[in-house]
Amino acid sequence: MSQPQTFFSNLKCRECGRLYPKEAIHICEFDFGPLEAAYDYDLISRHISRDIIASRPQTMWRYRELLPIDGEPTVGQQVGFTPLVRADRLAAKLGVDELYIKNDTVNYPTLSFKDRVVSVALSRARELGFQIVACASTGNLANSVAANAAAAGLTSYVLIPADLERSKVVGSLVYGTQVIGIHGAYDQVNRLCSEIAGKYGWGFVNVNLRPYYAEGSKSMGFEIAEQLGWKLPKHTVIPMASGSLLTKIHKAYKEFIRVGILNEEPFSVHGAQASGCSPISSAKKRATDMVKPVPNPKTIVKSLAIGTPADGYYALRSMQETGGSAEDCTDEEVIEGIRHLAEYAGIFAETAGGVTVACARKLIESGKIPRNESIVLCITGHGLKTQEAIHGECGEPRLINPSLREFEALIANDNIPTTTTTASSCPS
Amino acid sequence: MPILVRIPSPLRKLTNDQEIVPAEGATIGDVLANLDSTFPGLVERICDEQGNVRRFVNIFVNDEDIRFLEEKATTVKEGDEISIVPAIAGG
């Protein structure tokens, strides 16, 4: 195999456009603007095509030219290419014609979209020579850093709010990572990590490795376009915490158009938040680009409970640019959203998935998403991770003794035909 | 006891690599102005052309975000600790 080629040229400030070397840095020294990976798109457009991509293994790395590492990926080579599921029963429930679920509840290895970002961040961390990697997390990122670092033989520290769901805490501890619970909200964990990163020189995936980390989210957008048959959905509904995923799916769609993989066609990206922490949705509804931080997020949706969303401003711009809208929903609507997705599409999502479904429903009912246009819902994490949130909300098993009589008494009211039918016998 | 200001790593080139620097002033705005006379160029990194704290900068006084207080008019006193922290991504 020939020497891998890099198409990723620099880091670039999103605010002033100053260029920086491809190191473990994340903000512009002049205006604190976030640094973002810059690529040579003309070179990329000469190197990839639909056929070339389609011939590669079914992982997120089939889009390697548009991901910010120099060599071949060394961490998380199996991540991504999760199913895009056409969900006709859920579509009927929501009263729309064409609905798809991008199902990252089954992303490998830790059942959330965060494996995408961690795969890029840790592959890059190795290229930059880091031995210790770390993150600030609301849970999913911690799980993914812990698992992927373990597989790669890197030492990891994950810092989380002390009150996270138990299953998310165990889902980090099991990999032998150093889990540090902080008495405080996610934003305080974030701030501490920013200070630690400056002092210890570790590879913090969402601090000094953020420009690499964030780009991993684009793979979700690339996959949606490819799996729809090389076209864009008219509407994509995306949960927002920091707002990064929404901006990166938008970027992915634009990049595929830029390098000639897709024809230019109109699309909208829509953002979803929980009402108990909705700084970005609130700003969108007020039609301002000033995101007012939420000091004390109060929601069962802990994975989206970021009161000071770093990419809020850019998420607003992405929605603005594409004619998208934002919504938010109550905790009760979140649970209803989780149940609808499970009962009508057979997919058990974590609370953030409930937010996406519930907000999509509101956007449809308010006419912001027309019922006859294609819709993709981004479902980003598995329901087993946040079981506490719906415990007792979806009933309890009915208990009987191992007795046919008790069973018959139990189903008497279930409207199940009682006559015994036998399967047809084999043709003689 | 002076007011102490925590400088984030991207700005330490301007503070001779000092992580914590002493400062004086009655408000955040005063403190920033005084810091700028000691470390020229610091304020233009933190504030935009209109003098507002840049979108991607968070300033905390004793762990409280000044956007929840009175922004640059937030009063400070001796012994307070001010942190300048860049915004970072989610997780």
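Buried here means 20 or more other C-beta atoms within 10 Å of the residue's own; 12 or fewer is exposed, in between is partly exposed, and C-beta atoms are placed from the backbone.

**Provenance.** I note that this is a predicted model, in which local features need pLDDT of at least 70 and side-chain atom pairs count only at pLDDT 80 or more, while totals for chains, interfaces and linings use all residues. Residues are numbered from 1 along each chain as its sequence is written, and chains are lettered from A and ligands numbered from 1 in the order in which they are written.

**Val145(A).** I then listed its neighbours. Leaving out residues up to four places away in sequence, Val145(A) touches Val118(A), Val133(A), Cys135(A), Ser156(A), Val158(A) and Val205(A). Contact means C-beta atoms, placed from the backbone, within 7 Å.

**Helix α12(A).** I took residues 312–322 next. Gly312(A), Tyr313(A), Tyr314(A), Ala315(A), Leu316(A), Ser318(A) and Met319(A) are the buried ones. They pack against α10 (244–258), β11 (268–274), α11 (279–285) and β12 (326–329) of chain A. Gly323(A) follows the helix, with a positive phi near 70°. Elements are DSSP runs numbered from the N terminus: helices are H or I of at least four residues, strands E of at least two.

**Interface.** Which chain A elements give two or more residues to the side that touches chain B? First the totals: chain A puts 32 residues into the contact and chain B 19 residues. The elements are β6 (132–136), α7 (186–200) and α8 (210–215) of chain A. α7(A) gives the most, 4 residues.

**Chain B.** I counted 2 helices and 5 strands. The order from the N terminus is β-β-α-α-β-β-β. Its radius of gyration is 12 Å, close to the 12 Å of the globule rule for 91 residues, so chain B is as compact as a globular protein of that length. The radius is taken over C-alpha atoms; the rule is 2.2 Å times the number of residues to the power 0.38. Buried residues make up 32% of the 91 residues in chain B.

Definitions and conventions: Contact = placed C-beta atoms within 7 Å.
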